[in-house]
Amino acid sequence: MKKIKNIVVTVILSSFILALSVFAWVKPTDEFSLTERRPLAKFPEFNINTLLSGAFMKNFENYTLDQFPLREFFRTVKAQSEIGIFNKKSNNDIIEKDGYITKIEYPLNENSLDNAAKKFNNVYEKYLKNTNTNVYFSIIPDKNYYLIGDDENFLSLDYNKMVTDITKKTGYMKYIDIFSELSIDSYYKTDSHWSQDKILPVAEKIAGEMGVELKAQYEEISPDKSVYGVYYGQYAINGVMPDSLIVLSNEFTYNAKVTDYQNNRIIPVYDFTKADGRDFYESFLGGPLSLVTIENENATTDKELVMFRDSFGSSLAPFFIEGYKKITLVDIRYIHPNMLSQFIEFNNQDVLFIYSTSVLNNSETLK
């Protein structure tokens with residue numbers, strides 16, 4: 001009886017492994033992981049050079065991991081085992097706390113801060129020094145600042161040191177502190193970004209420091225659907241409540257002319273069709289674009305604003321339309337600063353450098 005039982009178990013296990021192997025070779029290659037928001041590895045190039053150098057085997061391992069059958073199912077099983085069975089605090093540095101999902105950012109990378117300061121200084125020396133521009137700097141804290149705080153169960157950045165160090169290196173810019181204008185409620189539960197309907201106080205604080213008063217009233221507009229952010233798929237465990245995508249709009253956002261120079265097209269301030277795509281945050285000003293201008297033909301002033309920003313700036317910039325005739329958004333993760341003279345003449349503008357702590361701590365993305 002025992003022998004028969006062993007034979008049955010062996011046959012079932014062997015059949016399962018054989019089925020997975022066959023499926024792995026016949027199934028179409030997946031191009032992109034919607035849950036992880038990244039392209040998946042393709043079958044590597046095979047030749048004598050890649051074989052002898054070891055590149056083929058290394059890339060083939062990445063390919064098999066990315067294209068493994070039932071990959072999403074096994075990702076969920078692994079994540080649930082890590083958290084539920086082995087009682088770990090995180091899965092791939094992703095944690096859930098108080099209904100919010102976030103990624104641990106640690107440790108503080110002082111070399112990265114130095115690099116970011118050098119990138120900003122290069123822009124200042126090349127375009128802004130000895131001009132009539134007013135230059136400002138602001139740091140956007142990631143939601144770990146409010147979610148983790150002094151919780152000893154999780155590692156966290158030394159935010160005070162980050163602010164102190166980088167502001168010392170950028171003393172030519174006036175620093176605008178917005179930490180007190182935010183709370184954990186200002187952020188999406190499943191995404192890294194802040195929720196636009198919660199950041200009007202931030203816009204008012206920054207505008208006030210730049211000598212601009214924001215008086216306009218806004219109406220809330222939202223698509224009839226829930227959305228999930230980048231951390232939801234990376235966490236790979238169901239159960240966290242989805243987010244609501246809410247935008248604040250008025251006559252200024254309706255009538256503004258937005259030009260996407262990266263793709264040479266006119267785009268709307270808000271585009272809810274992007275909420276159905278890979279990243280719902282692309283609903284704001286087209287998402288991660290290198291160079292965008294917003295023109296307000298009804299402006300009562302000739303003031304111009306240039307924003308050097310990361311993705312957080314896409315949802316912040318619409319609040320400034322009221323106070324400026326023209327706003328130019330520059331993302332130097334995607335455009336080299338040496339090219340800016342082709343598009344911008346720096347003279348008599350407000351210039352705002354505004355970056356999240358996650359970009360400052362990983363500034364190799366800046367050109």
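How many of the residues of strand 16 are buried? I looked this up before anything else, and my notes follow.

**Setting up**

I am working with a predicted model, where local features need pLDDT of at least 70 and side-chain atom pairs count only at pLDDT 80 or more, while totals for chains, interfaces and linings use all residues. Residues are numbered from 1 along each chain as its sequence is written, and side-chain values use heavy atoms, with hydrogens and water left out.

**Entry 1: the whole chain**

I found twelve helices and 16 strands in the protein chain. Helices (H or I, at least four residues) and strands (E, at least two) are DSSP runs, numbered from the N terminus. Of the 367 residues, 47% count as buried. Buried means under 20% relative accessible area, exposed means over 50%, and partly exposed lies in between (1.4 Å probe, protein chains only).

**Entry 2: strand 16**

Back to my opening question: seven of the seven residues in strand 16 are buried. I remembered that side chains in a regular strand alternate between the two faces of the sheet. Here D350, L352, I354 and S356 point one way, and V351, F353 and Y355 point the other way.

Next I looked up the neighbours, noting that two strands pair if DSSP finds at least two bridges between them. Strand 5 pairs with strand 16 in the parallel sense over seven bridges, and Y355 is the bridge partner of I139. Strand 14 (residues 304–309) also runs parallel to strand 16, joined to it by five bridges. There, F308 has F353 as its bridge partner.

**Entry 3: helix 8**

Which residues of helix 8 are buried? In this helix (residues 200–209), I noted V202, A203, I206 and A207. They sit on the same side of helix 8 because they cover an arc of only 125° around the axis, taken from the directions from the helix axis to the C-beta atoms. This reminded me that an α-helix has 3.6 residues a turn, so residues three or four places apart point the same way.

The buried residues of helix 8 pack against strand 5 (134–140), strand 6 (174–176), helix 11 (313–316) and strand 16 (350–356). Just after helix 8, I spotted G211 with a positive phi of about 80°.

**Entry 4: a loop serine**

S186 is in the loop between strand 6 and helix 8. Is S186 buried or exposed? S186 counts as buried because its relative accessibility is 4%. Leaving out residues up to four places away in sequence, S186 touches W194, S195 and K198, where contact means heavy atoms within 4.5 Å.

**Entry 5: salt bridges**

Side chains of opposite charge can pair when their charged atoms come close. I used this rule: a side-chain nitrogen of Lys or Arg within 4 Å of a carboxyl oxygen of Asp or Glu makes a salt bridge. The structure holds 13 of them.

I looked up the salt bridge between D260 and R265, 2.7 Å from N to O. D260 is buried, with a relative accessible area of 0%, whereas R265 is partly exposed at 35%. Elsewhere, salt bridges that share partners join K97, D98 and D151 into one network. I also checked K215 and E213, whose side chains meet in a salt bridge at 3.9 Å, N to O; K215 and E213 are both exposed.
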